[in-house]
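Hi everyone, thanks for coming. Today I'd like to walk you through one protein structure, starting with the whole and then zooming in on a few parts.

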Amino acid sequence: MHEIFLTAFATFFATIGPLDVAVVFASLTGDQSPKERTSSALKGFLIGTGILFIFVLFGEAVLNLFGISLAALRIGGGVLLMLIAIDLVFARSSGASSTTQDETKEAEAKSDISIFPLATPLIAGPGAMGAVVLLMADADGNLIDTAMVIGGLVAVLVMTLVCMLLASQIQKVLGQIGVHVIARVFGVILAALAAQFVLDGLAQSPLFAK
C-alpha cells in the first residue's frame with residue numbers, strides 16, 4: 001500500500017515538478033502584486049487539478065473506447081515517462097512536463113497566465129496526464145490502490161500550490177542549480193519506474209506472455 005503511494009508520489013513529482021512550476025511561476029508573475037500572484041496560483045491550481053481529475057475519472061473509458069490494452073498503455077506510458085526522465089536528468093526542456101521556449105514567450109505577453117501556461121502544460125502537462133491514466137489503469141479498480149494513487153496525486157498538487165505561493169523564497173534559497181539537482185534525483189527514480197512499466201507491459205503482451 002505504501003509502495004503504491006510512494007510510486008505515485010515520485011511519478012507525479014517528476015512529471016509535474018512543483019519546484020520547476022514555482023520557478024517559472026515566479027518569473028512570469030514578477031510584476032504582479034502579492035494578491036494577484038495568489039489569485040493566479042489558486043486559479044491555475046484549481047484548473048490544473050480539474051484537468052487531471054478528468055483523466056482520473058475517464059482515462060480508462062478513453063482507453064476502452066480506442067481499444068488500447070493495459071500492456072500497450074504500460075509500454076507507451078513507460079516510453080513517455082522515460083523521455084521525461086531523460087529531460088530531467090540532463091536538465092532539458094522538451095515540453096512534456098514544462099513549457100517550450102515559444103510557449104514561454106507567448107505566456108510573458110499574457111496578463112492572465114493561470115490557464116496557459118500554468119494550469120496546462122505546467123501542472124497538467126502531457127507527462128502528468130499520461131502518468132494519471134497509467135497509474136489508474138495499474139490500480140485496476142482496486143479501491144485501496146486507487147486511493148493511494150489519488151493520494152499521491154493530491155499530495156503533489158498541494159505541494160505545487162504551496163511552492164507557487166512561496167515561489168520567491170524557494171527561488172532565493174535553492175536557485176536554479178538546487179532545483180536542477182532535485183529534478184535530477186527524481187529523474188533517475190522516474191527512469192527506473194518507466195523501465196519497470198515497459199517490462200511489465202512486455203511481460204503482459206501476447207508476444208511474450210506464456
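I'll go from the overall fold to one helix, then a pocket, and then a single residue.

Please keep in mind that this is a predicted model. So what is the secondary structure of the protein made of? It comes to nine helices and zero strands. If you read along the sequence, the pattern is α-α-α-α-α-α-α-α-α. The radius of gyration is 17 Å, close to the 17 Å that the globule rule gives for 210 residues, so the protein is as compact as a globular protein of that length. Along its principal axes, the C-alpha trace spans about 60 × 35 × 30 Å.

How much of the protein is buried? Of the 210 residues, 43% count as buried. The contacts are worth a look too: among those between residues at least 6 apart in sequence, 85% join residues at least 24 apart.

Now let's zoom in on helix H7, which runs over residues 126–139. Its 14 residues reach 20 Å from the first C-alpha to the last, close to the 20 Å expected at 1.5 Å a residue. Is H7 mostly covered or mostly uncovered? It is mostly covered, with eleven of its 14 residues buried. Among them are Gly127, Ala131, Leu134 and Ala139. And what does the covering? The list includes helices H1, H3, H4, H6, H8 and H9. Just after H7 comes Asp140, which takes a positive phi of about 55 degrees.

H7 also turns up in our next stop, the second largest pocket. This pocket holds about 280 Å³ of space. There are 13 residues in its lining, and the closest to its centre are Ile4, Thr7, Leu135, Asp138 and Phe197. Which elements give two or more residues to that lining? They are H1, H7, H8 and H9. By class, the lining has seven nonpolar, two polar and four charged residues.

Last stop: Val21, which sits in helix H2, residues 18–28. Why does Val21 count as buried? Buried means under 20% relative accessible area, and Val21 counts as buried because its relative accessibility is 2%. Leaving aside neighbours within four places in sequence, Val21 is in contact with Ile16, Leu118, Leu122, Ile123, Thr160 and Met164. For a sense of distance, Val21 and Ile86 are 65 residues apart in sequence and 18 Å apart in space, C-alpha to C-alpha.

That's the tour, and I'm happy to go back to any part of it.

Technical notes:
Residues are numbered from 1 along each chain as its sequence is written. This is a predicted model: local features need pLDDT of at least 70, side-chain atom pairs count only at pLDDT 80 or more; totals for chains, interfaces and linings use all residues. Side-chain values use heavy atoms; hydrogens and water are left out. Helices (H or I, at least four residues) and strands (E, at least two) are DSSP runs, numbered from the N terminus. Buried means under 20% relative accessible area, exposed over 50%, partly exposed in between (1.4 Å probe, protein chains only). Contact means heavy atoms within 4.5 Å. The expected span of a helix is 1.5 Å times one less than its number of residues. On a 1 Å grid over the protein atoms alone, a cavity is a set of points where a 1.4 Å probe fits but cannot get out, and a pocket is an open set with protein on both sides within 12 Å along at least five of seven lines; lining residues have an atom within 4 Å of a point. Grid points are joined across faces, edges and corners, and a volume is the space filled by probe spheres set on the points. Ala, Val, Leu, Ile, Met, Phe, Trp, Tyr, Cys and Pro count as nonpolar, Asp, Glu, Lys and Arg as charged, and the others, Gly among them, as polar. The radius of gyration is taken over C-alpha atoms; the globule rule is 2.2 Å times the number of residues to the power 0.38.
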